[in-house]
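Please read the points alongside the coordinates.

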Amino acid sequence: MGQVIQSIDYAAVAPALIVAVAAIAVLLADAFDVPRRVVGMLSGGALAVALLSVVLLAFGDRRATFCLPGELRGNGPRSCSYVADDFTLLFQGVVLAAAVVVVLLSLREIAESEMPAGEYHFLLLSAIVGALSLVAARDLVLLVVALETLSLPVFALVALKRYSGTGSEAALKLFLVSVVSAALMLFGISLVYGATGAMHLDRIAAALERLPSDYDPVVGVGIVLVLVGFGFKVAAVPFHFWAPDVYQGAPLPVAAFLSVVSKAAGFAGLAIVLALGFPAYAHVWGPVVALLAAVTMTLGNLMALRQRTAIRLLAWSSVAQSGYMLAPLAVGTHRLPEAVAATTAYVALYAVMNLGAFAVVIAFRGRAQQGFAEYGGAEWDTLDDYRGLARRSPAIGAALAFFLICLAGLPPGVMGLFAKVVVFRAVVAGDVTWLAVVMAINTVIGLYYYLVWAVRLFAAPEGRPYLLAAGPGGFPVRAAIAATAAGAVVLSVAPQLVLQTVTSVS
């Protein structure tokens, strides 16, 4: 009998391990009544240390662990459950950097909403452990476990603002949708396993290449169901209907987490499964992904045109952005490495742009809410409330305008333009010309609502006294805005840095 015990490379799993230990530490700290700001510093510090470990791994030898014994092919081990390659490290860096910003944005939210700090940071760090594991997973079991580890804590985070009816409703809706998506994905995985007898993605790919044609319907249904599971996670139409209400009902830092960290991990998992597990059935999932991309970006943009509030506009904008991220994967096996690199670059650049926009909205909403309580009035938090923000707070107004211009893909937000060009190039090179036409039309639609909001920032305020003092509040929020703005500027100067970091998934 051969050896069946797998060795563990602790350096490879260091980022996830550090965050997991920190999650337990913040929960224990809260039990001993440690001040919530100290708990927040512990959480953010652990994420920074985990990010440093990712950087060290990037400059060292790429690692793989939880491998089946005796499996060596090519230049390194295969049939491994956890791989820390360029693709994994880039996504782990994006997840951790975004998580640090989310922690900064959460400090004031926790204090003002009187949420339990220990529980909040424990749940947040637990979800991040799931995201870090998901982007490194190379077998279907770890993919599902990591995806659920990412999803389950978010239900509680959404509802953690006590006595909030909208928060409870949003959490229930997210829970029901996630349970259904997980069930469908597990059924799809069971079909794939039944046909191939394998769970590791490299073995599944090899088995599918020599699979008898009689199994095609079973495998095809299984692959589509796996796509459906990831479609819920990335809010692709028609699996998107949870997103607007959840974004609006959740604490804003949690909405930012869902919009950036959760979405990035979901797209990483989708790219891993398609590129490594199912390339032989690209003729099945390629057209499905193309259709999902076209419908997602179109409906997302059309619904964003109708929104009057910032959060719902960002929610529908996030749905539309998912369509752009899906588009390169529609090329199937034709130039698939370039397609994965295009999606990866777009996700990384989008994370900076969208997180920055959320940071400014969080800063503005907190101050505006205080003024509204004093002066009263009608509906607030509309796009018109942002009129004159650049006059009252030039720095925060300019930052929001820059983020919106980046999302629209216009200069000087070169990073947004670069992201869209990379995606267009991948789609055209993959001979999915009709999808490139749909993308071009949707890009024009997106320009409109982003610019309409940006123009309001420089317009004259119209008689809303409770907004006169609105501006960034507190050092953590200002630090989050400054960090995202600096990242956006750097990537606008040299956006190709992202593409140079990763070229494929292995």
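1. Valine 158 is in contact (heavy atoms within 4.5 Å) with Gly167, Ala170, Ala171, Leu174, Val246, Gly249, Ala250, Pro251, Val254 and Leu258, leaving aside residues up to four places away in sequence. The model is a predicted one, in which local features need pLDDT of at least 70 and side-chain atom pairs count only at pLDDT 80 or more, while totals for chains, interfaces and linings use all residues. Residues are numbered from 1 along each chain as its sequence is written, and side-chain values use heavy atoms, with hydrogens and water left out.

2. Val158 is also among the residues with the most contacts inside the largest nonpolar core, which has 188 residues; Ile128, Phe278, Trp285, Leu435 and Trp453 are the others named. Such a core is a set of buried Ala, Val, Leu, Ile, Met, Phe, Trp, Tyr and Cys residues joined through side-chain atoms within 4.5 Å. Buried means under 20% relative accessible area, exposed over 50%, and partly exposed in between, with a 1.4 Å probe and protein chains only.

3. Methionine 325 belongs to helix H12 (residues 310–326); helices are DSSP runs of H or I with at least four residues, numbered from the N terminus. Its relative accessibility is 0%, so Met325 counts as buried. Methionine 325 touches Lys263, Phe267, Thr343, Tyr346, Val347 and Tyr350, not counting residues up to four places away in sequence. The C-alpha atoms of Met325 and Val423 are 7.7 Å apart, although 98 residues separate the two along the chain.

4. How many aromatic pairs are there? The count comes to 9, where rings of Phe, Tyr and Trp (its six-membered ring) pair if their centres lie within 6.5 Å, and planes under 30 degrees apart count as stacked, over 60 as edge-to-face and the rest as tilted. Tyrosine 324 and tyrosine 346 have ring centres 6.1 Å apart and planes at 40°, so this pair is tilted. The pair links distant parts of the chain, with tyrosine 324 in helix H12 and tyrosine 346 in helix H13, 22 residues apart. Tyr324, at 3% relative accessibility, counts as buried, as does Tyr346 at 1%.

5. The rings of tyrosine 449 and tyrosine 450 likewise form a tilted pair, with centres 4.6 Å apart and planes at 50°. Tyr449 is buried at 4% relative accessibility, and Tyr450 is buried at 2%. Separately, Trp242, Tyr247 and Phe358 form one aromatic cluster.

Key: Helix = DSSP H or I, 4+ residues; strand = E, 2+ residues; numbered from the N terminus.
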